[in-house]
Every structure is written in C-alpha cells, then in structure tokens.
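Please keep the sequence and the 3D view open while reading.

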Amino acid sequence: MKNKGVMKMTDALKIDIDKIRVEHIGKKLKVHGKATRIGTHYLEFKTAAFQCMRCGHITKVEQDQDQVLLQEPIGGCENDICGKKGPFKVLPKESELLNVQDISILEIPENPKNGQIIKSLQGRLYGDIICVAQENEIWDFIGELTFSDMGKKRHEFFLKITELGDKYSNR
Ligand SMILES: [Zn+2]
C-alpha cells in the first residue's frame, strides 16, 4: 500500500490546462497560468451545526461542497428522545467554516498562434491563500482536480486550490 501521508508540493503533477482530461480527476495537479476573474471572498460550510428548535440539541452535518443548498440532518435531530425533523437554526460558531475565493486560471501558450483560443480552468482558493494572487499575475496553482455541474449533463473541470507555488514575473 502506498503511503498516503501529507502530500507535498512535489507530489503534484505539473500539467498544462489543455492537457487536462477526466483521468486527472481526484489527482493533485500543479497548473501554471494567469489569475483572472478573481471573485470576492466568501465562506463555505465544511460542517454545519444545526440546533434543534424543539430540544436545543446540536447536530453536525458534513457538507457536500457540490450541493447548492445547506444539507440539514437527514435523520432529523440526533437527540434520541427528540428525533424531530426540525426546525433547525444554523450556529456559525459551532460550524466548521472555510474561507474561499473563486478564480479562473488562463493558460499561457508557449507560442501563441493567431486566432488561438486561450483555454481556462475554473478554480476555488481555500484557506490562507485567498486574496494573495492578484488579477493578471502568473502563478503555479496547486490542488485537487474535481468537476462541477454546469447543467445540461455537462460538467466542467474545477481545481480546488489549496497551495500556491511559485509566482512569475508577467510576460
Ligand atoms: Zn431535537
């Protein structure tokens, strides 16, 4: 069995945006590109704490980051003598919250040809690395490749960026 310890930057596969394929989903990638369309920063629930309005018990629910709505306790309040399906109140201080920021990464072609479409990769920055990269700066973005639902049975590649690598001077 392979050692699944803490992954270091060197474990990331360096790849160009136009070479990304479905085979890379779930892998840690290092993507070189230009930061663009950097959004405002916001928060994401990793775990949400729901307080039962009937008995006061707190039930924590790990959130699926691909779901649009906050997921309430499926089995209702976890207090054995209650078990009601709510109503619940979300307690931010008891929840586990993540700082996040959306970003697009633009590829930087070695030898750009006339009329060539510049490819981009959607991403989200997590934790301390939000608000570090600025618009049009060139960085190595490191994180796990996943995908998000665009609707109409199409999914787009999506990089969950948890590390920033080297910063490059603009060309
Ligand atoms: Zn309850």
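## Cores, strands and domains

In this predicted model, the largest nonpolar core has 18 residues, and those that touch the most other members are V31, I105, F141 and L159. A nonpolar core here is a set of buried Ala, Val, Leu, Ile, Met, Phe, Trp, Tyr and Cys residues joined through C-beta atoms within 7 Å. A residue is called buried if 20 or more other C-beta atoms lie within 10 Å of its own, exposed if 12 or fewer, and partly exposed in between, with C-beta atoms placed from the backbone.

The largest share of the core, four residues, comes from β8. Setting aside neighbours within four places in sequence, V31 is in contact with I15, I17, I105, L121, F141 and L159, where contact means that the C-beta atoms of two residues, placed from the backbone, lie within 7 Å. A second, separate core of five residues includes F50, C52, C77 and F88. In soluble globular proteins, nonpolar side chains tend to be buried together.

The chain has zero helices and nine strands, helices being DSSP runs of H or I with at least four residues and strands being runs of E with at least two, numbered from the N terminus. T47 stands opposite E62 in β4, and the hairpin formed by β3 and β4 has five residues between the strands, with G56 in the turn showing a positive phi of about 90 degrees.

By an automatic or database domain assignment, the chain is divided into domain 1 (9–41 + 99–168) and domain 2 (45–98), whose C-alpha centres lie 32 Å apart. The C-alpha trace spans about 70 × 40 × 35 Å along its principal axes, and buried residues make up 18% of the 171 residues.

Residues are numbered from 1 along each chain as its sequence is written. Local features need pLDDT of at least 70 and side-chain atom pairs count only at pLDDT 80 or more, whereas totals for chains, interfaces and linings use all residues.

Conventions: Two strands pair if DSSP finds at least two bridges between them.
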